[in-house]
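Reader: Please show me the sequence and the structure. I would then like to ask what the terms mean and how each one is applied.

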Amino acid sequence: MDVIPYGRQSVDREDVERVAGAVAGEWLTQGPGVAAFEEALAEVCDVPYAVAFSSGTAALHGAAFAAGLTPGDTLLTSALTFAASANCGVYLGAEPAFADIDPATLNMSAETATAVPAKAIVPVDFAGLPAPVDEIRATLGDDVALIQDASHSLGARHADGRPVGCCDHVDMTTFSFHPVKPVTSAEGGMVTTRSEELADRLRRFRTHGFVRESERLRRGDEGAWYHEQHDLGFNYRLSDVHSALGLSQLRRLEEFVGRRNEVAERYRAALADVPSVELPPAAPPGGLHGYHLFVIRHPERRRLYDGLRAEGILAQVHYLPVYWHPYYMDRYGFREGLCPEAEAYYRSCLSLPCFPGLGEDDQQRVIDAVRRLA
Ligand SMILES: *Cc1c(COP(=O)(O)O)cnc(C)c1O
């Protein structure tokens, strides 16, 4: 019996050919493929600037840097997210803080986002449902830097129909191209923004903090080879090989999100009459869910998880509240009870297999097993 994972990439022949072309090409890294991928993503998001990074985590680190976070500042993110949404501030010496989720959306709300005053806030589009960034901006004003972690939601749409990544209400949006994410470049990430200044800081941070533009050089014109380090940056560059895969995958973004929505609707119809299963929040009218994850809640999550696993169905749990990780408890003194909704969610949640290549027979196997075990 085949194992069914919770998520899996969908790579076609054209993807393979384009990657082969990049490998055989002249650049391998830092060539025209990176710029082509950035331009294509900016177009998808209807935003002027997109800056590629070597991972979604590096993209978040870059965004936190560009937002000007320094030691003593506070970065607030959702309690219900992957650790990197909080780690990105810690890398810069900022204090981490956590907002509880609204159980109706599983995202932070304008209300919970004000739990602790923060210099930067990282709303997370959990499972692919865009967070209410317009309401968060309206409540908090322009003083706070908003960095939308859209690792789950490329291809999704806000309630006003605008694409995730457009940055209408946030300073920056970050994406991840890990294989289980909406599209993949194997490893990779991107930050979108409407600010030329932020785009510039992001590019500098990606390459060691180097500056090359002659009018900015401290020592003036030393020759065409010359560059200076003005900030402590990293090597967070994405390669041309990875960019070739990412650009090729973007061709099928709409198809992927459409397939994920079909899988989700089938689960909804097939599990609606199971009393112990709580189905996930849907997108509001006018919006579009990305369904990176199809998340259900069940009072006996452990039994359901183990039962599915015994049948080769590898459901997954997303996420342990970030501040429950021992690093956060030991270093910052976080305790259980801080975000009750996120904690209750963690205890009951399960992500069922949901990805574009999930076949009807395999999904039926999942449905039958959940109905039998639930
Ligand atoms: C995957 C993910 C990241 C990190 O992305 P990587 O590309 O794996 O570094 C950050 N935030 C969230 C919410 C994610 O799901």
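Author: Start with a definition: a residue is buried under 20% relative accessible area, exposed over 50%, and partly exposed in between (1.4 Å probe, protein chains only). Strands (E, at least two residues) and helices (H or I, at least four) are DSSP runs, numbered from the N terminus. This is a predicted model, in which local features need pLDDT of at least 70 and side-chain atom pairs count only at pLDDT 80 or more, while totals for chains, interfaces and linings use all residues. Residues are numbered from 1 along each chain as its sequence is written, and side-chain values use heavy atoms, with hydrogens and water left out.

Reader: What makes both faces of β10 count as covered?

Author: F294 and I296 on one side of β10 are buried, and so are V295 and R297 on the other. Strand β11 (residues 349-352) is also covered on both faces, with C349 and S351 buried on one side and L350 and L352 on the other.

Reader: How do you know that β10 and β11 pair?

Author: Two strands pair if DSSP finds at least two bridges between them. Strand β10 (residues 294-297) and β11 have four bridges, therefore they count as paired, and the sense is antiparallel. V295 has S351 as its bridge partner, and I296 has L350.

Reader: What do the buried residues of α11 pack against?

Author: They pack against β10, β11 and α9 (301-310). In helix α11 (residues 340-348), the buried residues are A342, E343, Y345, Y346 and S348.

Reader: Why is S248 called buried?

Author: Its relative accessibility is 0%, which is under 20%, so S248 counts as buried. S248 lies in helix α7.

Reader: What makes the link between S248 and D15 a polar contact?

Author: A polar contact is a pair of N or O atoms within 3.5 Å; within protein, one must be able to donate a hydrogen and the other to accept it, and residues adjacent in sequence count only if both atoms are side-chain atoms. The side chains of S248 and D15 are joined at 2.5 Å, so the distance meets that limit. Contact in general means heavy atoms within 4.5 Å. Leaving aside neighbours within four places in sequence, S248 is in contact with E14, D15 and R18.

Reader: Why is D46 called partly exposed?

Author: D46 has 41% relative accessibility, which is between 20% and 50%, so the term is partly exposed. D46 lies in the loop between α2 (32-45) and β1 (49-53). Its phi is positive, about 55°, although D46 is not a glycine.

Reader: Is Y291 buried or exposed, and why?

Author: Y291 has a relative accessible area of 1%, under the 20% limit, so Y291 is buried. Y291 is in the loop between α8 (253-271) and β10, and its phi is near 45°, a positive value in a residue other than glycine.
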